[in-house]
Amino acid sequence: MTDATADTAVVVSGAAVLLPGADTVRALADGPAPGGAPVEPADHVGRKGLRYKDRATQLGYALTAAALRDAGLLGEDGMTVPAETTGIVASSNFGNLDTVVRALDTIREETVTATSPMDLPNASSNVIASSAAIRYGLRGPNLMVCNGETSGLDAVHWAATMIAAGRAERFLVLGVEPDNAVVRRLLGGRRAVDGGAALVLEARTAATARSATVRAVLGPYRRAADEPRETAGHWALPAHLGSASGAYGVLQVAAAVGWFDAGRREPVRAVAGGADHDAGAGLLLLAPEAARAAETPEAAEAA
Amino acid sequence: MTNRPIVGMGAVAATGRGVGELFDALCRGTSGRAGLRGFDRSRFRAQHAYEVDDRPVTGRDIPGRATRLLLDAVGQAAADAGLGEDLGGIPVLVGTGLRELRSLELWWRDGSPFADSGLHFGTGLRERFNADVTHTFSNACSASLYALALASDLLDQEGEGAPDTVIVAGVDVLTESMYGLLERVHPEPPDRVRPFDRNRTGVLMGDGAAAVVLRRTDDGSRRVHGRLRGVAVNCDAYHVTAPSPDGIAQAMRAAHRIAGVKPADIDLVMLHGTGTLLNDEAEAAALRDVLGEDASAPLMTAVKSMTGHTSGASGLINLIIGVRALQEGRVPPTVGLDDPVDEAAPFRFVTGEAATGRELNVAQLNAFGFGGINAVALVEGTR
């Protein structure tokens with residue numbers, strides 16, 4: 001059944017970033033400047049449909065629209081490919097914590113009768129992924145990864161795995177973390193990024209078939225107990241933006257796309273988690289012209 | 001077509017701990033329903049749930065219960081498969097609706113210790129089992145069957161580094177926020193879970209965890225409980241809380257295609273059956289559409305009538321009960337189902353006593369979650 005000549009590469013064919021101080025992959029790769037204004041989702045997707053949605057879901061809408069447009073998949077009349085061909089994998093650890101504690105506070109202080117029925121779907125942690133699918137009509141597999149520090153790279157891995165398994169031709173991969181009072185208390189007073197990044201991952205054959213521009217090629221992914229090796233030139237989120245948590249891996253891939261867009265050609269290694277966490281994850285990103293991701297010397301070494 | 005041996009199983013729910021005990025209790029029609037144990041009851045209209053009775057003091061909740069139930073189920077499944085206690089390098093995929101959000105609630109209101117690393121299950125699995133390839137998926141009530149689909153995809157991979165063994169688990173415990181909001185949307189507070197009954201009033205939550213060990217191939221050294229034939233997943237992209245019969249039907253058809261089965265091959269359907277007003281009708285309509293003239297052939301049951309809605313764990317609890325039913329030719333009843341809704345009128349529900357002495361080969365398992373995320377699996381017995 002396996003065709004030795006088949007192109008099994010998974011590529012990045014779209015990317016978007018929304019952070020205070022960076023709204024493009026190039027700006028992200030260069031390092032967002034301090035003092036940026038908070039992201040205002042309504043500026044990107046309009047006000048319609050934002051009411052009753054938590055901050056993470058609103059940010060997710062804006063990132064989803066931007067990445068789908070960047071990949072040429074979203075036009076004025078909606079998606080340009082069949083709904084079933086596109087799935088979503090979202091990554092967030094702090095999404096919906098605000099809804100959970102608000103409902104809890106209301107129940108404790110007033111009783112359940114005072115809660116809002118509109119909070120029901122938002123109390124389920126998958127609301128970011130499913131809301132984006134509903135808004136943009138994406139009917140492929142829909143997965144919410146809440147896996148701690150490695151979550152963003154894990155999300156990329158699962159999208160690539162499902163593409164390889166033939167579950168969908170492409171996935172929108174979304175990494176987002178909101179900043180709010182409950183997150184800051186949980187982080188001991190630190191802030192979260194209050195934004196994130198989104199990618200379109202696609203079988204290269206599917207990207208080629210619709211004449212999409214390849215922006216990066218996925219290399220091997222590894223998850224293990226040991227600490228990831230950080231390399232010279234490794235991209236890191238500036239400290240002033242706070243914890244990227246589940247968005248971090250997706251932001252790193254977006255930064256790699258920014259570097260490749262700017263002409264850099266050497267592979268980029270994204271790493272997350274490590275000795276201070278339950279495990280570490282690493283993912284190699286290769287420049288667009290990489291012929292076969294699994295066959296490059298860098299990929300073989302990293303694996 | 002997928003054909004992956006299931007070589008280990010573990011489970012815990014309000015109705016029992018251990019696969020044998022749980023299955024026997026369900027076949028006897030034993031319900032885990034009881035008065036709310038961990039919450040201040042004066043805050044809620046609904047007063048009952050299906051909790052695992054493991055708190056030191058009734059009425060006072062403790063953190064970490066989801067992790068503890070998960071570790072119990074994974075430990076049972078690993079032991080059953082002969083894997084022992086070191087799961088280093090073996091992927092453990094956990095589906096959950098609510099992660100450790102109950103511990104977050106107790107931290108926020110009562111000041112119990114908690115850190116962001118405690119929201120997911122990797123840390124607990126690492127400490128107990130040395131597991132380092134762990135993944136927590138928060139996919140609402142279809143979570144553990146979504147995890148099963150991803151496990152199947154991992155086992156389909158070829159080449160160096162592709163795993164031979166994957167553990168799939170599901171877990172959830174009650175959170176005050178979800179328990180409260182679920183009752184809030186019903187005009188009458190739900191009193192018990194009565195799937196597909198005309199007089200049902202809604203859903204009540206249950207605590208539960210389940211785990212299975214899947215192998216790439218049958219190496220002959222272990223007893224094979226059943227075989228995973230295929231899992232389909234999709235999103236109907238329709239509504240955050242209202243299910244779409246069309247989207248559910250598409251997931252069922254895709255599962256049949258992946259598994260290489262026809263409607264006439266299906267002997268048993270383990271229904272999602274939440275007892276929620278909209279959901280049961282949508283599930284029944286989709287099943288009638290997909291099964292067509294065979295709609296009245298398979299036995300059907302909905303064990304949430306005894307376990308409550310165990311959310312992310314429920315799909316895998318369905319799988320484990322379904323596999324045992326195929327093994328033993330015995331099917332637990334749907335407790336409290338007296339007068340089925342019109343959409344489910346043609347179905348052969350098991351009610352009253354358990355069905356026994358049946359020749360059953362193939363079971364379909366359903367799990368559907370908020371946001372229209374649907375998962376349907378097919379398993380084959382090894383009787």
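A residue is called buried here when its relative accessible area is under 20%, exposed when that area is over 50%, and partly exposed in between, with a 1.4 Å probe and protein chains only. By that rule B:Arg65, at a relative accessible area of 2%, is buried. The structure is a predicted model, in which local features need pLDDT of at least 70 and side-chain atom pairs count only at pLDDT 80 or more, while totals for chains, interfaces and linings use all residues. Residues are numbered from 1 along each chain as its sequence is written, chains are lettered from A in the order in which they are written, and side-chain values use heavy atoms, with hydrogens and water left out.

**Strand 5 of chain B**

- Strand 5 of chain B, residues 92-96, is mostly covered, since five of its five residues are buried; strands (E, at least two residues) and helices (H or I, at least four) are DSSP runs numbered from the N terminus.
- B:Val92, B:Val94 and B:Thr96 point one way from this strand, whereas B:Leu93 and B:Gly95 point the other way.
- Strand 5 runs parallel to strand 6 (residues 134-138) of chain B, to which five bridges join it, and two strands are taken to pair if DSSP finds at least two bridges between them; B:Thr96 stands opposite B:Ser138 of strand 6.
- Strand 7 (residues 165-172) of chain B also pairs with strand 5 in the parallel sense, over five bridges, and in strand 7 the bridge partner of B:Val94 is B:Ala169.

- Leaving aside residues up to four places away in sequence, B:Leu319 touches B:Ile6, B:Leu148, B:Val212, B:Leu365 and B:Val379, where contact means heavy atoms within 4.5 Å.

**Interface of chain B and chain A**

- Contacts across the interface involve 66 residues of chain B and 66 residues of chain A.
- The buried area, which is the accessible area (1.4 Å probe) that two parts lose on being put together, summed over both, is about 5,600 Å² between the two chains, with carbon and sulfur atoms giving 60% of it.
- On the side of chain B, the residues that lose the most area to chain A are B:Arg43, B:Trp108 and B:Leu181, which together account for 13% of what that side buries.
- Between chain B and chain A the count is five salt bridges, each being a side-chain nitrogen of Lys or Arg within 4 Å of a carboxyl oxygen of Asp or Glu; A:Arg108 and B:Asp110 meet in a salt bridge at 3.2 Å, N to O.

**Salt bridges over all chains**

- Over all chains the count comes to 50 salt bridges.
- The side chains of B:Arg65 and B:Asp54 meet in a salt bridge at 2.8 Å, N to O, and this pair links helix 2 (residues 65-80) of chain B to the loop between strand 4 (48-49) and helix 2, the two residues being eleven residues apart.
- B:Asp54 is partly exposed, with a relative accessible area of 23%.
- In the salt bridge of B:Arg215 with B:Asp219 the closest N and O atoms are 3.5 Å apart, and B:Asp219 counts as partly exposed at 45% relative accessibility.
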